[in-house]
Amino acid sequence: MIELENVAYSYGGGELLSDISLKLAPGSFHFLTGPSGAGKTTLMRLCYGALLPTAGHVRLFGADVRGLNRDDIAVVRRRVGVVHQDVQFLNHLTVTENIGLPLTVSGRHAAAAGGDLDELMSWVGLTNRANAMPPELSGGERQRAALARAVIVSPDVVLADEPTGNVDWEMSQRLLRLLIELNKMGKTVLIATHDLSLIRATKAHVQARVLRIANRRIQLAGADL
Amino acid sequence: MKFDLATLRALIAGDHHADRVVPPSGFTAQLTVFAAAAMAFLAVFALALSLAAGRLADRWGEELARSATIRIVAPMDQRAAQTDAALRILETTKGVAAARALTDAEQQALMAPWFGPELALETLPVPRLIEVIEDTDGMDPAGLRLRLAAEVPGAVLDDHSRWRAPLVQAASRLRLLGLVSIVLIAAAVAAMITLAANAALAANAQVIAVLRLVGATDDYIALAFIRRFTLRALSGAAVGAVLGMVAVLLLPSASENGGFLTGLGFQGAHWLWPFFIPVLAAGVAFVATGSAARRTLRELA
């Protein structure tokens, strides 16, 4: 699905990532850990074509991103749901409209999704916030809305970058349960986090591979978790 | 973004959901609508000027080209004889449809602006004037001059070419000036809309980032902005054009005394031309916003 082969990424004259190889197989669950500034977010952005590698190859669903133009990458992104720590919404649209945005931009309107959208809102516990505007949402509600937006088009892969960074422990467990459910539905999940308790909690429910970025390189972690 | 039938259809049909992804921006919206209205208002006058000048050039060219004047400058006792001789020549001249000597009253009326209505024409050595109207084939002025020189020594043929050319040229230049004004107005609209579109796109960098994150193509994002600015330019220009047409309608009607200025309006089918101004403004907005959107989206990539 998503494959990185000997990928390097440099910015401002310095190499942030070096010789990264990673394969996200269908239905797999991955954690990406490492200290702040290690390059977790950069690696996530490489995984959905927001950044191009300075060396090596990134293949999204079999296509090398270097051979894709911006519109091709946009279409590929419809197969990848992304949740960031600092979630951004269109503040002039309601929560429901924001969640339905991936449908809108792909020519399928949220209204047509009807029951699916209601079900999704219920799944993330935002039914009573459907007509709220994004600035009215709490941190946890924003993360859940972002997760709903990421999965509304039923993507093959869900990438979550520090999804629990701005929420309390209870909410982080709730978000985690949603991500585990997605994985059980067959979605590939990659979560970047430095919260080891989150990883431990997950491993009790699904088989997750833990990857650690250190010194610009990726290594398989796990023994210390 | 390529401009094809599908793009045009999407632009005209619109998409309520797609339209909503771009936040309403009060300042640039008002600026665009106002500027488009003001420019369309001015464009109506430039168009009226151009069309009136065109009519004037055609009328002067046609009227003066079809007529000539013969002055009989001869002693008083020979003037009538030479006038008759000139008229006889004109009767047999190919290309002359009609010729007649002006009456004393007509000549007096011609001179009235300078000498007043009480002028005693017989006391002055005023030449007798013969008005010559040409047929559609036209006459040969050089040949006629030769015949007049041989048979009517006091006759001087003036086929108006000496002062017709600069008049027609002046009117043609005026028409060109009107057209150049319309082009400049269109360029000013393009510049203003480009500025407004750039401002809107820059202010919505976060919106663009979110749209890209959820899989929007550049064409989709660009079209949302293009449609908004095109519709603003169209509506503003429509209002401006209608106001301009009303203003032109309220101008004093054409009269002989008013000359060119009172003829500065639209006639007949020319009233349809101002309706193309909003379409032109929309076209200019479409191209200007498309270009600005392409550039900004490339920079934000």
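**Helix packing and chain contact**

Helices H7(B) and H9(B) are oblique to each other, because they pack at an angle of about 140°; angles under 35 degrees count as roughly parallel, over 145 as roughly antiparallel, 65 to 115 as roughly perpendicular and the rest as oblique. This is a predicted model, in which local features need pLDDT of at least 70 and side-chain atom pairs count only at pLDDT 80 or more, while totals for chains, interfaces and linings use all residues. Residues are numbered from 1 along each chain as its sequence is written, and chains are lettered from A and ligands numbered from 1 in the order in which they are written.

In chain B, H7 spans residues 161–203 and H9 residues 218–249, and their axes are 11 Å apart (lines fitted to C-alpha atoms, for helices over the stretch in contact, with angles from 0 to 180 degrees between N-to-C directions). Helices (H or I, at least four residues) are DSSP runs, numbered from the N terminus. The crossing of H7(B) and H9(B) is right-handed, meaning that the near helix is turned clockwise from the far one by less than a right angle. On H7(B), the contact (C-beta atoms, placed from the backbone, within 7 Å) is made by B:Val189, B:Ile193, B:Ala197, B:Ala200 and B:Leu201. H9(B) contributes B:Phe225, B:Phe229 and B:Ala233. These residues comprise 8 nonpolar, no polar and no charged (nonpolar: Ala, Val, Leu, Ile, Met, Phe, Trp, Tyr, Cys and Pro; charged: Asp, Glu, Lys and Arg; polar: the others, Gly among them).

From H7(A), A:Gly140, A:Gln143, A:Arg144, A:Leu147 and A:Val151 meet A:Met171, A:Leu175, A:Leu178 and A:Leu182 of H8(A). By class, this contact has 6 nonpolar, 2 polar and 1 charged residues.

Helix H1(A), residues 40–47, has as its buried residues A:Lys40, A:Leu43, A:Met44, A:Leu46 and A:Cys47 (20 or more other C-beta atoms within 10 Å of a residue's own). They lie on the same side of H1(A), because they cover an arc of only 160° around the axis. After H1(A) comes A:Gly49, with a positive phi near 80°.

Between the chains, the contact takes 20 residues from chain B and 19 residues from chain A. On the chain B side, the elements giving two or more residues are H2 (16–20), H8 (205–213) and H9. H8(B) gives the most, with 7 residues. This side of chain B has 12 nonpolar, 4 polar and 4 charged residues.

Methods: Two residues are in contact if their C-beta atoms, placed from the backbone, lie within 7 Å. A residue is buried if 20 or more other C-beta atoms lie within 10 Å of its own, exposed if 12 or fewer, and partly exposed in between; C-beta atoms are placed from the backbone. The arc is that of the directions from the helix axis to the C-beta atoms.
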